[in-house]
Amino acid sequence: MIQRVYEQAKKVLETVVVATDDERIYNCVKDFGGEAVMTRADHKCGTDRCLEAWEKLHRNSGVIINIQGDEPFIQPEQIEAIKSCFDDPATQIATLVKPFTEADSLADLENPNTPKVAIAPDGTALLFSRSVIPYLRGIDKADWLKQGKHFRHIGMYAYRAEVLQEITQLEQTPLEKAESLEQLRWLENGYKIKVAVCNTASIGIDTPADLEKARIFINQHNY
């Protein structure tokens, strides 16, 4: 899975490094010819791990993209979309979302393992939640997906280097603790998160059920 994520990222990015605290993963990456760096085991989130890796590598890159190792179906156009957010010099942090469609199920929409995003008119994130946002009051739940107003968060972030250094120094916030979503800490501290919208299917593998979905997806799409 990690090799596939790595190879997909290399189609777009000149430099790709796997940051891990597990020697098995480190050795696996080295075995397939990839670049990896060992990081501490006590990080609370992937953002902290990204900063340590960036500092260890002494890289001068102005923007760091954090691609989750459990996203084997990540596509080059998704990485290009999040990169394009930084064409605007005001962008501090960027992330990726995909609209829910009528092809999804209500169970997909209500799944707490799939964070949802509310987006402001200027293309920045208003709120992330494991609950359904927006809640369409007065509309039958069976019709929610027909409204086209719900966005699934795809767990990829990009940060300007100086912003990455700042946000890793922040203390956990009430909303973050409640939802267990680190990006809420950034919003609560006044940072703006630019949102890139894509329509490419993606399955992050967080649970055994996700793994089964991934197997079905592979068979359907001839991966």
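Colleague: Which residues of helix 1 are buried?
Modeller: Val 5, Tyr 6, Gln 8 and Ala 9 are the buried ones. They sit on the same side of helix 1, because they cover an arc of only 165° around the axis. Keep in mind that this is a predicted model.

Colleague: OK, helix 4 then. Which of its residues are buried?
Modeller: Helix 4 covers residues 76–84, and its buried residues are Pro 76, Gln 78, Ile 79, Ala 81 and Ile 82. These pack against helix 1 (2–10), strand 3 (63–67), strand 4 (93–99), strand 7 and strand 8 (193–197).

Colleague: Switching topic: how many salt bridges does the structure hold?
Modeller: There are 10. One of them joins Arg 185 and Glu 176, with the closest N and O atoms 2.6 Å apart.

Colleague: Are those two buried or exposed?
Modeller: Arg 185 is buried, with a relative accessible area of 7%. Glu 176 counts as buried too, at 5%.

Colleague: What about the pair of Arg 24 and Asp 22: how far apart are the closest N and O atoms?
Modeller: They are 2.6 Å apart in that salt bridge. Arg 24 counts as exposed at 66% relative accessibility, whereas Asp 22 is buried with a relative accessible area of 18%. The cut-off for buried is under 20%, so Asp 22 falls within it.

Colleague: Which residue does Lys 141 meet in a salt bridge?
Modeller: Glu 110, at 2.9 Å from N to O. This pair links distant parts of the chain, 31 residues apart: Lys 141 is in the loop between strand 6 (125–129) and strand 7 (151–160), and Glu 110 is in helix 5 (residues 106–110). Lys 141 is partly exposed at 39%, and Glu 110 is partly exposed at 33%.

Colleague: Now the nonpolar surface patch. Which residues make it?
Modeller: Leu 126, Leu 127 and Leu 175 do, and the patch is about 250 Å². Leu 175 lies in helix 7 (residues 174–179) and is partly exposed, with a relative accessible area of 38%.

Colleague: Where is Leu 184 found, and what is it in contact with?
Modeller: Leu 184 is in helix 8 (residues 183–188). Leaving aside neighbours within four places in sequence, Leu 184 is in contact with Leu 127, Phe 128, Thr 173, Leu 175, Glu 176 and Glu 179. Leu 184 itself is buried, at 1% relative accessible area.

Colleague: Last one, the whole chain. How many helices and strands are there?
Modeller: The chain has 9 helices and 8 strands. Buried residues make up 48% of the chain. Of the contacts with a separation of 6 or more, 63% are between residues 24 or more positions apart.

Notes
Residues numbered from 1 in each chain as written. Predicted model: local features only at pLDDT ≥ 70, side-chain atom pairs only at ≥ 80, totals over all residues. Heavy atoms only, no water. Patch = residues over 30% accessible without salt bridge, like charges linked within 9 Å, V, L, I, M, F, W, Y side chains within 5 Å. Areas by Shrake-Rupley, 256 points an atom, 1.4 Å probe, with all protein chains shown as cover. Salt bridge = Lys/Arg side-chain N within 4 Å of Asp/Glu carboxyl O. Helix = DSSP H or I, 4+ residues; strand = E, 2+ residues; numbered from the N terminus. Buried < 20%, exposed > 50% of the residue type's maximum accessible area, 1.4 Å probe, protein only. Contact = heavy atoms within 4.5 Å. Arc of directions from axis to C-beta.
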